[in-house]
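Good morning, and thank you for coming. I would like to take the group through one structure, part by part.

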Amino acid sequence: MAQRIDVKDLNIFYSDFLAVEDVSMAIEPKSVTAFIGPSGCGKSTFLRTLNRMHEVIPGARVEGTVAMEGVDLYGDDVDPVAVRRQVGMVFQRPNPFPTMSIEENVLAGVRLVNKKISKSDAADLVEESLRHANLWEEVKDRLAKPGSGLSGGQQQRLCIARAIAVRPQVLLMDEPCSALDPISTLAIEDLITELKQDYTICIVTHNMQQAARVSDRTGFFNIAGTGKPGKLIEMDDTGVMFSSPSEQATEDYISGRFG
Amino acid sequence: MTATTASPQPAAPRSDRSDEVRKALRTVDTGRRRKDRAMQVVVYVAFALAVIPLISVAWTVLSNGIERFDWYFLTHSMRGVFGGMDAGGIYHAIVGTFEITLGATIISVPIGILTAIYLVEYGRGSLARSVTFFVDVMTGIPSIVAGLFAYALFAVFFGPGISMGIMGSIALSVLMIPVVVRSTEEMLKLVPNELREASYALGVPKWLTIVKVVLRTATAGIVTGVMLAVARVIGETAPLLITVGVIDSINFNLFDGRMMTLPVYVYRQYSQGYVPCNDASAVCIPEINFDRAWAAALTLILIVMVLNILARLVSRYFSPKIR
Ligand SMILES: Nc1ncnc2c1ncn2[C@@H]1O[C@H](COP(=O)(O)OP(=O)(O)OP(=O)(O)O)[C@@H](O)[C@H]1O
Ligand SMILES: [Mg+2]
C-alpha cells in the first residue's frame, strides 16, 4: 500500500544558505507528482529531503516536518536508513555499480545489507524487478554481464529495477530522462505510468510535455533571484496547472516565457 | 554562402569571412609543428635516459648473480659455511624476508586502509588535517630512524640487546603505513560520489556502503598501492640490521631471536670482501662472498617482480569490467 506524504513548513539549508523556503504540500498515494521550475530553484534539493538523502551532504539540514502516514521522517526516533528503504530514488545520471553484474545490481539493495535470500527467491526478485522496469526481455540472456555494459537508457531502467527491488512505497526520480534519447524516454514514461499502480512517484523534470503526460499533480517551484531561496509557487492537478494556473509566474514558465 | 536579399549585413563582408575561414583552415602553423617535433625528441630522450640505468642494473645483477643462482643456493642456509668454501645459500634469508615483510604487511594494511577510510569518508576539520600532516611527515622518516624506533620500543619491555623478527616488521610498517594511507586515500577519492549515493538511496547503512561499494570499487587500485608499499620496504637494510640482526642458520620464529633477510645478507656478504685463500688443499673461491651477494640481489629482484605480477593479476580480477 503506497503512502501519503505531508510536507509542512519545510526550510532546507546548505550550511547557512537557505536553498528552499517554507514548502508545504501533500503528495497523494499511488499517483505521479511532478516538480517543475527553472534551474537552481531547488527541485532536486526538495526531492532529496523526501528520503533524507539531503543530509548526506556535509552541513546540509532541514527545518519543518515531512510526515509519512503521520510519522515525521525527521523525528528523533526515525532512522534515515529505514526511511530510504521506504522511499527509493532514481538519479539523473544512471549509476549502476560498476563492479556488479546486471543481476547483482538488481539485488544490490538486498545483498549490500547482508540479508539472506535463497537462490530461487533471488532469481524471482530479479525477474520481477526487471520485468517491472521493462528491461527483462533485453537483458535476460546476459544477467551475469556487467551493468555498465548497457546503453544509457538500459542503465537507467536497470537503476529503476534496482530501486524497486527493495520494494519501497515511494519512488523519487530526479530528471530520470535527461540523459536519454526520445525512445528510452518514452519507455520510461510508460514505465512510470505502470509503476503508479503500486507506488507513489515524485518526478523532477525540465520537460513540460513530460510533466503533462505522466503526472497527476504538478508543483511549480520558482526562485526570486540568485542567492534567494526557492519557493513552491503553486501546486494543483496537472490539467489545471497547464490550462489555467492561478499564478502569473506559473503561466509564464509553462508557456516558455522564462526559465 | 551568399546573401541574396538586402539584409543589414551586406553580402561582401560575408564572403570575405568565408574566404578568411577557408584560409584559416588551410594555414599550417610551422612554428607549432617544429615545437611538436622538438618536444617529441625531448620525450624520447628522457625516456631513454630513464631506461638506461634500469636496463644496466638489471643486466649487471643478472650477469653477476646468475652464476651462483641455483636450487642449492635457494635451499641452503649459511650454517657451518666459512672461508672460501663452495657452499652456502640464502634459504634462511628468504624465510626471514618473507616472514618479516608479511608481518609488516599484516600490521600496515589494516591500519593504513582504516586511516584512509577515516580521512576520505569521515574526517572533517582539524583532526583529519593533523592526521594528513603526520602521514606526510611519516613519509619522510629515514628508514634508520624507523629501525631505531622499533628497537627503542622493544628495549623498553625486553631490555637492551633484544633482537626479534617482529621488531623488523614493526620498523618496516612505520615506513609502509604512510605509503598505504596515501595510495588508498587517492583510490577512495576516485570512487564517484554517485555510487555512494546510489547505495545510501537503497537503504544501505554507511559502513556497509564503505565496505561493499567503496572499498570493493577501489580494490584494484588499493592492491596495486599495497604492492608498491611492499616493494618499497622489502629491500630495506638499515632498520633490519638494527632490529633483526644477522644470523647464519634458519629461524622460522618471528618472535624469538635474530633472523636473516635478503638485503642484510647482501650487505653482509659484500662487506666480508675477498677470502684470503692460503690453504691450497681445500677448495677456495676468493670472490665467493661477492658472488653470493649478487645472487641474493638477483633473488630479491625476482621476488619483487613476481609479487608485482601477482598484484597485477589480482587487480585485474577485481577491476570493474565493461563487457
Ligand atoms: N551540495 C550543495 N551545496 C551547496 N549548495 C547547493 C548544493 N546543491 C545545490 N545547492 C544550491 O541549492 C540551490 C538549489 O539547487 P538544486 O540542485 O536543488 O536546483 P534544481 O532546481 O534541481 O536545479 P536543476 O534544474 O538545474 O537541477 C542552488 O542555489 C544550488 O546552488
Ligand atoms: Mg536538479
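This is a predicted model: local features need pLDDT of at least 70, side-chain atom pairs count only at pLDDT 80 or more; totals for chains, interfaces and linings use all residues.

Residues are numbered from 1 along each chain as its sequence is written, chains are lettered from A and ligands numbered from 1 in the order in which they are written, and side-chain values use heavy atoms, with hydrogens and water left out.

Domain 1 of chain B covers 2–65 and domain 2 of chain B covers 71–318, with bounds from an automatic or database domain assignment. Their C-alpha centres are 45 Å apart. Five residues of domain 1 of chain B touch five residues of domain 2 of chain B, where contact means heavy atoms within 4.5 Å. The two domains of chain B bury about 480 Å² between them, and carbon and sulfur atoms give 83% of that area. Buried area here is the accessible area (1.4 Å probe) that two parts lose on being put together, summed over both. On the side of domain 1 of chain B, 80% of the area buried against domain 2 of chain B comes from B:V61, B:N64 and B:G65, more than from any other three residues.

What does the interface between the chains look like? Here 21 residues of chain B are in contact with 31 residues of chain A. Chain B and chain A bury about 2,200 Å² between them, with 64% of it on carbon and sulfur atoms. In chain B, the residues that lose the most area to chain A are B:E197, B:A201 and B:L202, together 26% of what that side buries.

How many salt bridges lie between chain B and chain A? The count is two. In one salt bridge, the side chains of A:R93 and B:E194 meet at 2.8 Å, N to O. Seven residue pairs, both at pLDDT 80 or more, are in polar contact between chain B and chain A. The elements giving two or more residues to this side of chain B are α8 (193–201) and α9 (206–234) of chain B; helices (H or I, at least four residues) and strands (E, at least two) are DSSP runs, numbered from the N terminus. The largest share, seven residues, comes from α8(B).

Finally, the search of the whole structure finds 22 salt bridges over all chains. Within chain A, A:E21 forms a salt bridge with A:K231, their closest N and O atoms being 3.5 Å apart. This pair links distant parts of the chain, 210 residues apart: A:E21 belongs to strand β2 (residues 17–27) of chain A and A:K231 to strand β10 (residues 230–237) of chain A.

Technical notes: A salt bridge is a side-chain nitrogen of Lys or Arg within 4 Å of a carboxyl oxygen of Asp or Glu. A polar contact is a pair of N or O atoms within 3.5 Å; within protein, one must be able to donate a hydrogen and the other to accept it, and residues adjacent in sequence count only if both atoms are side-chain atoms.
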